[in-house]
Structure formats: structure tokens, C-alpha cells
Amino acid sequence: MAPERDNLLGAYLRDRRERLDPAAFGLPMTRRRTPGLRREEVAQRAHVSSTWYTWLEQGRGGAPSEVVLERIAGALLLTDVEREHLFLLAFGRAPELRAPETTGVTPRLQRVLDALTLSPAIVKTALWDVVAWNLAATVVLTDYGARAPEDRNIVRLIFCDPRVRAAQDDWEGVARFVVAAFRADAARAGDPAKVEALVAEVGARSPEFAAFWREHDVRGFGEGLKRLNHPVAGPLAFEYSAFAVDGRPDLGLVVYQPATPQDEDAVRALLRSA
């Protein structure tokens, strides 16, 4: 058996297994010497042999295939962050996104966007292409529907569109944030050729992007405050939040909530004139 310091994968699997509640899976609680699920119970949930899974925890079985590791992650109910950590321990890299390419979203998700009447909302891919939006986003951010699909990329818009650039209250701060957050998403995109092509294209068009990209900063999108100088409504402020789209790891939902009643009134006026 490998020492724990040399068997980080096995130690992590054992730790996650011991944190699970057998009762939540309808398993008997009697005669359990250790907390959590037994190895054979995890193996059964992952559809692998108990002996092989035991060896894996003990550092005797070698690294599993990606498919098997995905099944083990599911058996242990790992979160996305925990799953990524598991792959880093096993393979030295994060799992690739394998979601199919998309040019839009489901009708149900579009209805969710449309229901956010006063809150601009968009859905973006891991490469930051905007694939869905609501009317509030059209009147506040930009008219995505009037643009060709390749021109709906947020990185291109921030660095290469003068009108979008002028609308940012603090363009340099926004631009640096966009580069750092895009870098974090691009590392998970599973398509390095497309990432490299986009970086090369925008870098050739914008010396600022090329300079910021060389800084290698990484940030999460998360939530925060966005300020705009709208050409019609003037200064606007929004509290934004980013959400994962269930079942689609390549998509993210971003919602901009008007920060004050005055900002709500301004969005309402823009919608009336749309």
C-alpha cells in the first residue's frame, strides 16, 4: 500500500467516501466500523469491481480511465470543483468539457431570460460567445440580434468595438477583469485551438488585450457591480451574478439587476422606446 503522502488520489477518494451519509442512499447503518460508505458500496454505484476500487484507494491499481473516473465522481456525489480536483490528482489536468456545440439555448431557458423584464440577462459559452439574451440586454448592453454570431463574443466587443468600449465606466478595469475571467473559462473550454485562435485575433487587433493576456491573471466571474455610461440613459449601475446552466457545463447565465429604483426606471424607459 502506498503511503498517504504518495497516494493523494486514494486519500482524496477515501475522504470523500467517508463524508457520505449511508442513510441518504437507503443503506443500513448497522455494523459500520468507519463513517461513510463502504468501498464496495462506492464500487457498486460506480459499476466497477470492489477489488479494483479498493486497490485504487490503496494506490495499487494505477490511474483509472476518464470514463471510470467520471463514474466514481458521480458515485461520490462530487461537486464540479471536487470533480475537477479529482481529475487533477489522477491526470494532472482538469476534465475537458464535452458538451455539444450550440448556437442557442432551449426554449425553456429563453423563457427564463424573457421573464427577467428589467434585468439584462445573457447566456455565454466557455469561449464567451453570447448565444442568448433578453430584450433588456438588447437595450442596455448591445443589440446582439443585429450582430453576426461571430461578433457576439464579449472579448471582441470589449476590446474591438468602440461603442461598447465607450459605454464602460472604467474600461481598463473592466477589460482586465474580462481577460482574467476569460482565461479561467478558456482553460476549461476543452478546445485549445479555438482559444488560441481567438487570443491571436484579438491580440492582433488590440495591443491592450495582448498586454493584459501576457499578465496571466485569473479570476472567477462570480458577482459584483457593473457601471455603464449608456448613450441614451446616461450612467447606470447593475449588480450582476453568474450562474451555471444545469446539464450544460459549457454555458453560463449572467444576470444584471438594476442597483437602484432609479436604474430600474431608466431600464423601463429604454424598453418603452425600444
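The model is predicted: local features need pLDDT of at least 70 and side-chain atom pairs pLDDT 80 or more, while totals for chains, interfaces and linings use all residues. Residues are numbered from 1 along each chain as its sequence is written, and side-chain values use heavy atoms, without hydrogens and water.

Select the whole chain. Its C-alpha atoms fill a box of roughly 70 × 40 × 30 Å along the principal axes. Colour by secondary structure to find 13 helices and five strands (DSSP runs: H or I of at least four residues, E of at least two, numbered from the N terminus). Of the 274 residues, 45% are buried (under 20% relative accessible area, 1.4 Å probe, protein chains only).

Next, select Leu141, Val164, Gln168, Lys226 and Leu228, which lie nearest the centre of the second largest pocket among its 37 lining residues. A pocket is an open set of points on a 1 Å grid where a 1.4 Å probe fits, with protein on both sides within 12 Å along at least five of seven lines; lining residues have an atom within 4 Å of a point. This one holds about 800 Å³ of space, the volume filled by probe spheres set on the points.

Then show strand 3 (223–230), which gives the largest share of the lining, seven residues. Helix 7 (135–140), helix 8 (154–160), helix 9 (162–167) and helix 10 (171–186) also give two or more residues each.

Terms used. Buried < 20%, exposed > 50% of the residue type's maximum accessible area, 1.4 Å probe, protein only.
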